[in-house]
Amino acid sequence: MIPELGQFSLILALLLALVQSILPLAGAARNIPAWMSVARPAARAQFLFVAIAFGCLAYSFLTNDFSVLNVTQHSFSRLPPIYRFAATWGSHEGSLLLWTLILGLWTMAVTLFSRHLPDDMVARVIGVMGLVSFGLLLFMITTSNPFVRMLPAAMDGSDLNPMLQDPGMVAHPPILYMGYVGFSVAFAFAMAALISGKLDASWARWSRPWTTAAWAFLTLGIMMGSWWAYYELGWGGWWFWDPTENASLMPWLVGTALIHSLAVTEKRGSFKAWTVFLAIGAFSLSLLGTFLVRSGVLSSVHSFATDPARGLFILAFLAVVIGGSLLLFAFRASQVGLGGRFALVSRESFLMANNILLLTATGSVLLGTLYPLFLDALDLGKISVGPPYFNAVFVPLVTPLLFLIGVGPLARWKQAKVPELASRLKWGFAASLIVALLLPLTLGAWKPLVSLGYLLALWIVVTVAIGVQGRLRTTTAWSANFYGMNLAHLGVAVTVIGITMVSSYETERNVRMNEGDTVTLKNYTFIFKGAKDHDGPNYQASRGTLEVSRNGRHVTTLYPEKRTYLASGMPFTESAIDYGFTRDLYVALGEPLGGGAWSVRLFHKPFVVWIWIGAVLMAMGGVLAITDRRYRITSRKKERGAA
Amino acid sequence: MKRFLIPLAIFLVLVGFLAIGLKLDPREVPSPLIGKPAADFKLALLSDPAKQLSPADLRGKVWLLNVWASWCVSCRQEHPVLLDLSRQGIVPIYGMDYKDQPGDAQAVLNQYGNPYVETVVDLDGRAGINYGVYGVPETYVIDKNGIIRYKFTGPVTPESLYKKILPLVKELQK
C-alpha cells in the first residue's frame, strides 16, 4: 500500500512539475499575472508530493518491506536502522529520488525568499526549475521506478554495499546533492535573465547568495567524500581522481569561477555574458556528473548497475537541457552590451585570470576524465588516465591561481597602480619566501614542492592579513561579504598546507605482524596484540588490537577490523585512525597470514586533517558571505525605489 | 553571435562521444598484472577435492584461466562459447570456481557441460584477489612461463575470442 502511495505521489509530482513550468513561463512571456502566480503554489505542491514519495520509500526501507525490489536489493533485516534509512538513497533509483527531493527543496526556498523579486523573474526561475524537475521525474517513472514490487516477496535483502554502511555515507550524498542541485538556482536565474533579455547587475545580485550557498554545500560535500574515502577505503589516500570525484570537482571549479565573476557583474556590470555562461556551465557539469556516474559510461567504484536505456535517457535529457540553454545563450548573449571598462592591471583583470585558470583546470579534469572514452570511441585502444596526469596538469594551473588569491582582493577596481600594490605586498612576499625556503629544513628533507606549497599558503595568509588590516584602518564596520571572502581564502591556505605536508612527508609501512611484534614509525611504536573474532549486527569481523606508544608513553589503542558481511559475503577493511591536529596514525588490517599473523598497513600522515579543516573554513566563509545585509535590505530598497 | 555558438558546438561534439561511449564497455581496462607472473595458488579440484592444482603444474603450456561461479549469470552467457572452444582443443581452459559452493558448481557443469580441463575451488576468493578479480567472469591468458599475457573482463564473446584471445594464444604457442 505505502509503495503504491509513493508511486502515485511521483506521478502527481510529475504533472505538477509540468504545470509549474508551462503556466508561469507562458504567463511571463505574455504578461498574464494569473498564470505567473501559479508558480509558487505549484512548486510547493510538487515538493510536497516528492517529499511524500521519498517518505514512502524511506518507510519501506525502515520497515524491511522486502516485497519492494529496491529494498530487497539494497537492504537487509539486520542492517542497523540508521543505515536502513540511508539505504533509501543507496540505490540508483533512490539517489535520483533524493536528487529530485533536493531540487524541490531549493525551489521551495526560492518561493520563500523571493518576495523582493519582480513577479516575471520569479515565474521564470521557478518555471525553469520545474522543467528540470519534470525531466528527472519522467526519467524516474519511465526507467528507474524505485517502487517496483517483487512478488512473491523475498525472505530477506541482499544488504547495502558495505562501503556505504558508514555514518559519513548518511550525510555525504544529501550534502553533496545540495551543492550539485543548488547550482540549478543560479542556472534558473541565468535562464530567466536570458529569456527576459534583462542581463543586468540586479540579476547578478539576486543569484549571488544562491550560488554561494550551493558552492558552500558542494565544498562540504566534496570534503566529506574525500574524508570518507580516506577512512573507509583503507588505502589511506584522500583523493583518487576517480571519475566520480572528478564529476564533483568540475562543478566546484566552475562554481568557484562563477562566484568570482558574479562579483564583477554585480559591482562593475562587466563579464555579463561570461557570468551567464558560467552559471550554465556549473549546472551542466552537475548534470554531466550525474550522467557519468549513473550511465556506466565510465567505470568507477561508485557506479551502480548499468542499463543502456537509462544512459540514453540521461544523455537525451542532458542534450535538451544543456544544448537548449547554450542555444539560448548563443542567441541572447550577443545582444548584451559590454560593461564598465577596466585597465590591464585591475581587480577585474585579476578575476578574469582567476576565471581562465579555473576553467582551464576544469577543462583538463574533463579531458582526463573523458579521454579514455574518447580514445575508446575512436577505436584507439583502452587506457585509464591516472593521478600522474592530473597531478602534472593541476599543480602548474593551481600555482598561479593561489598566487592571485593574494593579489586580487588588494587590487582596486577599474585600475590598480602597480607601484602601490608592490609596496603593500613586497614585505609580505619576502617574508613568505624566506620562511617557505627555510621551514622544510626543520621538517627533515628539503623538497622544492614543499617550499612551493608553503610559499603559496603563507602568501595567502600574509595577504589576507594585509587586506584585513587595510580595511580596519579605514573602517571598523562589519562586512560579512568581506570577512567571508577572507575566511574562505584562509581555508584554501590551510588545505594547501595539509596537501603539501601529507604528500611529501607521509610514511607508510606494509608489514607482516605476529602477536607481540612491534613496528616503529616516526617515533611511534605499534605493538600488535593479535586479532580476535568480533560480531557486529550484520557482519563478522576479525578485530586487531594495536597498542601505540611514543617514547615509552601510551598514546592510544587502535582496533582495525577485517569484516565479512553476512548477506553479501563481501569482505571489507575497516581502518582504525588516531586523529591529531598535526598527524594521523592510520592502521588497516590486510590478510591473515596463518598462525595468528596478519599483514598490516601502517601510516603516519602529517597534517592530513588540515585538508578537510581548510575545506570547512571555505564553506564557512561562503555561509558568512551569504549573511551580508546587502543581499536583503538594499535589494528591497532598490525595488521600492524603482517602483 | 558566432563566438557564442562555440560552447554549443563543443557540447554537441561531447554528446556525440558520450552517445558512442554508451555502447562501449569501460570495464575492459588493462590489468596491472599483465606481464607479471601468474600468482601462485594450491587449490583443491572440483572433480576430486583430494587432489590439488597449482599454476606451477601447467608450466610449459599456454592456458586460459577462467574465473566463474554458479551464482554468476553472465557466466551462463559465455558458457557455450567456452564449450565450443574446448571442443576445438586449441588451448586448455582451467576454471576457477570463485566464492562458490562446490556442489552448486558441479551441478552447473553436469547440466550445461564442462568446458574445463579442471576447475579449482577458490572458496573464500583469496586466490582470486591475487589475480585482481573484480568481477566474475574474467579470463586470463597465461603463457608457457607462467606469465599473465592478457585479461578479459566480462563474458567472453565469440568476437573477442577469435579477434583477441585466440590470435594471442597462437602467437604464444609458437
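This briefing describes nonpolar cores and helix packing in the structure above. The model is predicted. Its largest nonpolar core holds 173 residues, and another core, of 35 residues, lies apart from it. Two helix pairs of chain A are also described, H1 with H7 and H14 with H16.

**Nonpolar cores**

- Within the largest nonpolar core, the residues that touch the most other members are A:Val125, A:Ala186, A:Phe189, A:Ala190, A:Val276 and A:Ala279.
- The most residues given to this core by one element, 17, come from helix H8 (residues 167-196) of chain A.
- Because domain 1 (1-154) and domain 2 (184-414) of chain A both give residues to this core, it lies between them.
- The core of 35 residues, apart from the largest one, includes B:Leu46, B:Leu85, B:Val136 and B:Ile142.

**Contacts of A:Ala186**

- Leaving aside residues up to four places away in sequence, A:Ala186 touches A:Ser207, A:Trp210, A:Thr211, A:Ala214, A:Leu258, A:Ala279, A:Ala282 and A:Phe283.

**Helices H1 and H7 of chain A**

- The axes of H1 (residues 2-30) and H7 (residues 119-143) cross at roughly 150° and come within 7 Å.
- H1(A) and H7(A) are therefore roughly antiparallel to each other, as the angle is over 145 degrees.
- The crossing of H1(A) past H7(A) is left-handed.

**Helices H14 and H16 of chain A**

- The axes of H14 (residues 387-407) and H16 (residues 448-474) come within 8 Å, with a crossing angle of roughly 20°.
- That angle makes H14(A) roughly parallel to H16(A).
- H14(A) passes H16(A) in a left-handed crossing.
- From H14(A), A:Thr399, A:Leu402, A:Phe403, A:Ile405 and A:Gly406 meet A:Leu452, A:Leu456, A:Trp459, A:Ile460 and A:Thr463 of H16(A).

Conventions. Residues numbered from 1 in each chain as written. Chains lettered and ligands numbered in written order. Predicted model: local features only at pLDDT ≥ 70, side-chain atom pairs only at ≥ 80, totals over all residues. Core = buried A, V, L, I, M, F, W, Y, C linked by C-beta atoms within 7 Å. Buried ≥ 20, exposed ≤ 12 C-beta atoms within 10 Å, placed from the backbone. Helix = DSSP H or I, 4+ residues; strand = E, 2+ residues; numbered from the N terminus. Domains from an automatic or database assignment. Contact = placed C-beta atoms within 7 Å. Axes fitted to C-alpha atoms, helices over the stretch in contact; angles between N-to-C directions. Parallel < 35°, antiparallel > 145°, perpendicular 65-115°, else oblique. Left-handed = near helix turned anticlockwise from the far one by under 90°.
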